[in-house]
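I'll jot down each thing I look up, one entry at a time.

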Amino acid sequence: MKTVGSSRTTQKFIWIWTSAVILFLYIPMFAVILASFSTQRYFRFPIQSFTTKWYTKTLESLSVRDLLWTSISVAALVTFFSVLLAFFGALAFARYDWKGRKLYQRLVLLPIFFPQAVLGLSLLLWFSALGITTSWQTAVFAQMIWIVPIVILIMSIQAYSFDPALEEAAFDLGATRWQVLREVTLPILAPGVVSGSIFAFLLSWGNFPLSLFSTGADQTVPEWLYAKMVSGYTPMVPTLGSLTMSSAALMLLLAYLVWLATGGRKRRAQAFTSSED
Amino acid sequence: MSKLADWLKNPGVLAAAPASIFLLVGFAGPLLMVFGYSFMPSRTFALNHLPTLENYYSVFSDSYYISFLWSLFLAALTVILLFPICYPIAYGMAKLFGKWTNLVTALIAVPLLISENIRLFGWVLVLLKNGILDGTLQSLLGISLSGFLYTVPSILLGLVYVYLPFMLFPMVIGISMIPDPLKEAAFDLGASRWQVFREIELPLAMPGILIGAILTFILAMGSLAESKILGGQAVVMIADDIESAFTFAQNWPKGSVLSVLLIALSGLIVFVLFRRIDLDQIIGRR
């Protein structure tokens, strides 16, 4: 790696600084995990004695099961519909050339640049004006306003590297538009679909500001955590927090392993096509 | 007429349609409605009254400017603090880390996928009286530092912490757009390091830095959780005011006016700066 104008000391400083900031980013996570193992009802440090009783209690709690089920349902539906919309949205963003594209690119990304709490409140107003009772289903809609643009952005990165000649070749060989979509476009964008799904699921899983105003009587895990943090604190807060974090980490790890496996296949495929040339 | 029909047949238009219609219904619709409600008489719940400016008058004559100023101040300070924090990391990720860049990116991005309020709650545990920081200092040095939670600096810590990746990642893209030969040439011509930074690096990396700064600023302007979880009652930010107008006070028109003002301010900043940025160049670069 060629580095212009940065001396050894500067390089060393950049490495140390980066490591320190990364550690800083993980401090609160460690704090939550630590607190989940403390015996005391109200957190004190240094911790006197450790226990796993809060985990047993949390896992046995029926209301926690309800929360988890609501969160999973919301996240699953958000993922499915967001990826569906964003697949075409990303093609329009990056692959096709059409009049109005520049405007579309700007407008479609606007919701990302929008304070989520204000968006959630506007949606609350919107739902009540339309006579829709808010529940976890409306939360799916609300979260998608923010998540669809993010997935479009993620999938566009993949779509930019798309070679239009591949689609044209398929058309020339007599494929229908549907066949081209299924046999050419979808496989090429598959890595984008996978990473888009993971992001959609996890962003929904952890979302708070949009859920807060759009779930009505239902409650997702982040909402419950917030409610208990503000009033009625229970040691199940750090415990459920730790469980949520570890499930997200587990999912990322799984995704990484899948990526490693398919990445290897892709490299082999590339080697194969280049030997064909 | 056939021109329109031709345009509608373009695959790009067809592909853009589902997401566009969805966002029209779910994003443009609610915002238009909030705009409409801001002109309705106070404490009404329908849009069929005669438009009035009374809410705007009452908001401007009330003390809401204080929470606006707090939000502006804290958001600006967040961006200012994040610039020197992120620049070395962004520089490292763009020019120095090589094969380690992916790992660094992943380590910084992973917290984004963990609920914001769990992470903020972690800071509460750190900063709490008898919490991790206080407890450690007490047992090691015998000093107590219990007054930090629920103050303006702790809100600022939360904002800097939560929005760091939003400032950092666009900055990395910006810095990686600086061609190295240009810097070499400048050094050969006798430029000092500061001159190279100011005359070459900064202007060339500016699109990325700007996107990051706008994103951070706007999200921090409208943030709710940081001031609630880490700030206690120390400061009321504008999103707090909007929330209480819509929920506790049940005054939709007032909440709408505050939202419109926040959106107008943020939107103005985004639009002015976005016009100078080419998204194809930035996202499609990889």
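**Entry 1: around helix α7 of chain B**

I started at the end of α7(B), where the next residue is Gly142(B), with a positive phi near 75 degrees. A reminder to myself: this is a predicted model.

Then I went back into the helix itself. Which residues of helix α7 (residues 132–141) of chain B are buried? I found Ile132(B), Asp134(B) and Gly135(B). Next I checked what these buried residues pack against, and the partners come from both chains: α1 (8–36) of chain A and α6 (116–127) of chain B.

Asn130(B) is one of them: it is not a glycine, yet its phi is positive, near 65 degrees. I located Asn130(B) in the loop between α6 and α7 of chain B.

Gln250(B) is another non-glycine residue with a positive phi, near 50 degrees. I found Gln250(B) in the loop between α12 (238–246) and α13 (252–274) of chain B. Gln250(B) has 12 other C-beta atoms within 10 Å, so it is exposed.

**Entry 2: a helix pair across the chains**

Back to α6(B), this time with a partner from chain A. I looked at helix α10 (residues 221–230) of chain A, which packs with α6(B) at an angle of about 30 degrees, the axes being 9 Å apart. Because of that angle, α10(A) is roughly parallel to α6(B). The crossing of α10(A) past α6(B) is left-handed.

Who makes the contact? From α10(A) I wrote down Pro222(A), Leu225(A), Tyr226(A) and Met229(A), and from α6(B) Asn117(B), Ile118(B) and Phe121(B). Sorted by class, the contact of α10(A) with α6(B) has six nonpolar residues, one polar and no charged.

**Entry 3: a helix pair inside chain B**

Now a pair within one chain. Helix α8 (residues 152–176) and helix α10 (residues 193–221) of chain B pack at an angle of about 160 degrees, and their axes are 6 Å apart. With an angle over 145 degrees, α8(B) and α10(B) are therefore roughly antiparallel. I noted the crossing of α8(B) and α10(B) as right-handed.

How does the contact of α8(B) with α10(B) divide by class? I got 18 nonpolar, four polar and no charged residues.

**Entry 4: where the chains touch**

I zoomed out to the whole interface. I see 82 residues of chain B in contact with 75 residues of chain A. On chain B's side, helix α2 (residues 11–37) gives the most, with 18 residues. By class, that side of chain B has 53 nonpolar, 20 polar and nine charged residues.

**Entry 5: Ala106(B)**

A quick look at a single residue. Ala106(B) sits in helix α5 (residues 101–109) of chain B. Ala106(B) has 11 C-beta neighbours inside 10 Å, so it counts as exposed. I also checked how far Ala106(B) is from Phe197(B): the two are 91 residues apart along the chain, and 27 Å separates their C-alpha atoms.

Last, the overview. Chain A has eleven helices and zero strands, and chain B has 14 helices and zero strands.

For chain A, the C-alpha atoms fill a box of roughly 70 × 65 × 35 Å along the principal axes. For chain B, the C-alpha trace spans about 75 × 70 × 35 Å along its principal axes.

How much is buried? In chain A, 43% of the 277 residues count as buried. In chain B, the share is 44% of 286 residues.

I finished with contacts between residues at least 6 apart in sequence. In chain A, 76% of these join residues at least 24 apart, and in chain B 73% do.

Technical notes. Residues numbered from 1 in each chain as written. Chains lettered and ligands numbered in written order. Predicted model: local features only at pLDDT ≥ 70, side-chain atom pairs only at ≥ 80, totals over all residues. Contact = placed C-beta atoms within 7 Å. Helix = DSSP H or I, 4+ residues; strand = E, 2+ residues; numbered from the N terminus. Nonpolar A, V, L, I, M, F, W, Y, C, P; charged D, E, K, R; others polar. Buried ≥ 20, exposed ≤ 12 C-beta atoms within 10 Å, placed from the backbone. Axes fitted to C-alpha atoms, helices over the stretch in contact; angles between N-to-C directions. Parallel < 35°, antiparallel > 145°, perpendicular 65-115°, else oblique. Left-handed = near helix turned anticlockwise from the far one by under 90°.
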